Amino acid sequence: MSAARHPREVLLGPQAAATALPACDHYAGVEARMRKSLALQAEWSARHGVCLFDVTLDCEDGAPVGGEAEHAALIVELVRGLDWAAPVRPRVGVRVHPVDHPAFEADVAAIVGAVGARLTHVMIPKVESVADVERAAAAVDAAGAPALPLHALIESPAAVHRAFDIAAHSRVASLSFGLMDFVSAHGGAIPASAMTVQGQFEHPLVRRAKLEIASAAHAHGKVPSHCVVTEFRDRDAVRQAAARAAREFGYTRMWSIHPDQIEPILEALRPDAAQVEQAAAIIAAAQAADWAPIAHQGHLHDRASYRYFWQVLERAHATGVALPEPVRGHFA
């Protein structure tokens with residue numbers, strides 16, 4: 001009977017592995033901030049019993065010009081120094097330089113070659129085409145990590161046009177939107193106001209890009225990750241942006257560029273208590289019925305709605321919500 005199988009396996013099938021990412025991806029590139037971010041992740045993981053956000057150590061914006069090799073060596077040192085025996089395993093990725101940058105191959109060889117087995121992902125910035133993904137995958141494979149997922153950062157009009165093809169690549173686990181580079185790629189045709197927390201949701205070209213990227217990711221079972229909010233000390237602005245990104249544009253993950261942004265992002269992407277209780281009741285009843293259709297509070301449900309409510313529970317778990325007893329064991 002399928003009731004004995006895990007709901008994720010029953011309801012999501014081949015997409016199961018691709019959809020399990022924390023709701024926040026926190027970027028840090030300066031040594032002091034990288035160390036602080038990794039310490040914060042460990043502290044939160046110990047407190048919550050689950051890793052609530054990824055830390056992506058940044059070569060592209062973090063490495064000084066001419067100091068790329070030293071920065072890569074620092075990242076290797078930081079990753080090796082983490083407590084890999086902790087009850088909650090660290091989740092650490094790296095953003096390397098773009099594939100056409102002189103430091104790209106060296107970044108991958110140095111970092112993935114040394115600690116690739118401990119990384120959760122490699123973020124590839126300025127991806128323009130499937131060919132860029134293929135080049136990145138080949139470099140990562142050559143460095144000895146053929147199963148390491150790639151995250152693709154979409155930052156230009158041409159890349160948005162090819163987003164569905166990029167998302168379809170088997171090594172790509174997530175698509176991110178690069179707001180600043182996308183706006184600047186238009187040669188002044190999009191005003192600077194489109195890079196603000198309000199303007200990025202109002203300009204038609206930016207809205208279209210957000211929608212295309214989210215749609216491409218969902219079409220192929222990948223995770224769409226929303227862009228940064230530069231007003232990093234305005235917690236309400238971050239929270240509102242994350243809520244709009246999720247509610248209106250379908251994003252299930254968002255970048256953080258300052259520790260103060262992590263909690264507002266998680267709050268905004270967290271299902272409320274009523275949603276969690278409803279989802280838990282429906283999934284428990286569905287599993288008891290061996291995933292056959294059920295009636296719940298006057299509504300009929302089948303596997304289409306079961307998938308939705310299971311994903312509510314996954315988002316709740318990924319954002320630190322305490323789950324009701326009937327479903328808690330699925331996330332042990």
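Strand E5 (residues 150-154) is largely enclosed by the rest of the structure, because five of its five residues are buried; buried means under 20% relative accessible area, exposed over 50% and partly exposed in between, with a 1.4 Å probe and protein chains only. The model is predicted, so local features need pLDDT of at least 70 and side-chain atom pairs count only at pLDDT 80 or more, while totals for chains, interfaces and linings use all residues. Residues are numbered from 1 along each chain as its sequence is written, and side-chain values use heavy atoms, with hydrogens and water left out.

Helices (H or I, at least four residues) and strands (E, at least two) are DSSP runs numbered from the N terminus. Both faces of E5 are covered: Leu150, Ala152 and Ile154 are buried on one side, and His151 and Leu153 on the other. Two strands are taken to pair if DSSP finds at least two bridges between them. E5 runs parallel to strand E4 (residues 122-124), with three bridges, and valine 122 has leucine 150 as its bridge partner in E5. E5 is also parallel to strand E6 (residues 172-177), to which five bridges join it; here leucine 150 has valine 172 as its bridge partner. E4, H5 and E5 form a right-handed β-α-β unit, where right-handed means that, with the strands pointing away from the viewer, the path from the first strand over the helix to the second runs clockwise.

UniProt, in an unreviewed entry, lists Arg95 and Glu155 under "binding site"; its positions are given in the numbering used here, feature names are shortened, and annotations may be inferred rather than shown by experiment. The two residues span 61 residues in sequence, yet no two of their C-alpha atoms are more than 14.4 Å apart, so they gather at one spot. Arginine 95 is found in strand E3 and is buried, at 5% relative accessible area. Its contacts (heavy atoms within 4.5 Å), leaving aside residues up to four places away in sequence, include Tyr27, Asp58, Met123, Leu153 and Trp255. Glutamate 155 lies in the loop between E5 and helix H6 (157-161) and likewise counts as buried at 5% relative accessibility.

A salt bridge is a side-chain nitrogen of Lys or Arg within 4 Å of a carboxyl oxygen of Asp or Glu. By this rule the count comes to 22 salt bridges. Arg95 and Glu155 belong to a network of salt bridges that also links Asp58, Glu60, Asp61, Lys126 and Asp181.

| Salt bridge | N to O distance |
|---|---|
| Aspartate 54 and arginine 91 | 2.5 Å |
| Arginine 135 and glutamate 105 | 3.8 Å |
| Arginine 270 and glutamate 263 | 3.6 Å |

Aspartate 54 in strand E2 (residues 53-58) and arginine 91 in the loop between helix H3 (68-80) and strand E3 (92-95) are 37 residues apart, and their pair links distant parts of the chain. Aspartate 54 is buried, at 0% relative accessibility. Arginine 135 lies in helix H5 (residues 130-142) and glutamate 105 in helix H4 (residues 104-115), so this pair ties together parts that are 30 residues apart in sequence. Arginine 135 is partly exposed at 40% relative accessibility, and glutamate 105 is partly exposed at 40%. Arginine 270 is partly exposed, with a relative accessible area of 27%, and glutamate 263 is partly exposed, with 22%.
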